[in-house]
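Open the model in your viewer and switch to a cartoon view. The stops below say what to select next and what is there.

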Amino acid sequence: MASQAAKVLSIVKDEVGYRESYENGHWTNHEKYAAQVPGMVWVSTGGYPWCALFVSWVAQKAGLAGLFPRSAACSYGVDWFKNRGRWNEFPAIGAQVFFGKNGGQHTGVVVAYDATTVTCVEGNTNNSNSAEGNGVYRLVHKRKDAWVYGYGYPKFTEGITTADPSKKDKAGYHYAASASAPK
């Protein structure tokens, strides 16, 4: 039986390459995910940014909706993890990463990290540094970049693999200086 983190990672990897609809020379923010997450269809019909919704969809599809916030707002996700004592400044495999001022601008799921970088799968983004996101991409960021705000740790039953040295030998955590999702 696959671990909870492995389920999440398998789903995000399978979505890399998905693109939202394109009309009149622009990406529309109309995607396939909102209709599949209870109470979130308004995100797609309104053409709203969908990075946080993508993570909610992944959790729903993995059968782990209670381990991640269900929201279209990154700032809600930051508060959700902080209120549960599951917030950290170090990356972890399967964690939800938050970007920008106070973590309120963008989000994705961590699939790998090492001493200097964190690799994530992110929805409603691109690989050209344009403000107009268009799909699901696997992107690499500098861990110490000011753009990287922090990480929400889902409470996986098998524990979570983290770069946080203070979690070494603590129940529910597996410390590793670098780690990646199973291939």
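In which sense do strand β5 and β6 pair, and over how many bridges? Select residues 106–113 for β5: this strand pairs with β6 in the antiparallel sense, over four bridges. Two strands count as paired if DSSP finds at least two bridges between them. Helices (H or I, at least four residues) and strands (E, at least two) are DSSP runs, numbered from the N terminus.

Before moving on, note that this is a predicted model, in which local features need pLDDT of at least 70 and side-chain atom pairs count only at pLDDT 80 or more, while totals for chains, interfaces and linings use all residues. Residues are numbered from 1 along each chain as its sequence is written, and side-chain values use heavy atoms, with hydrogens and water left out.

**Strand β6**

The hairpin that joins β5 to β6 runs through three residues. Now select residues 117–125, which are β6: nine of its nine residues are buried (under 20% relative accessible area, with exposed over 50% and partly exposed in between; 1.4 Å probe, protein chains only). Val121 has Arg138 in β7 as its bridge partner.

**Strand β4**

Select residues 96–99. Gln96 and Phe98 point one way from β4, Val97 and Phe99 point the other way, and all are buried. Four bridges join β4 to β5, and the two run antiparallel; here Val97 stands opposite Gly108. The hairpin of β4 and β5 has six residues between the strands, and Gly100 in this hairpin takes a positive phi near 85 degrees.

Then show residues 148–152, strand β8, which is joined to β4 by four bridges and runs antiparallel to it. Val97 stands opposite Tyr151 in β8.

**Helices α1 and α3**

Select residues 4–15 and 51–61. These helices, α1 and α3, pack at an angle of about 125 degrees with their axes 9 Å apart. Axes are lines fitted to C-alpha atoms, for helices over the stretch in contact, and angles run from 0 to 180 degrees between N-to-C directions. Because angles under 35 degrees count as roughly parallel, over 145 as roughly antiparallel, 65 to 115 as roughly perpendicular and the rest as oblique, α1 and α3 are oblique to each other.

Show side chains last. Val8, Ile11, Val12 and Glu15 in α1 meet Phe54, Trp57, Val58 and Lys61 in α3 (contact means heavy atoms within 4.5 Å).
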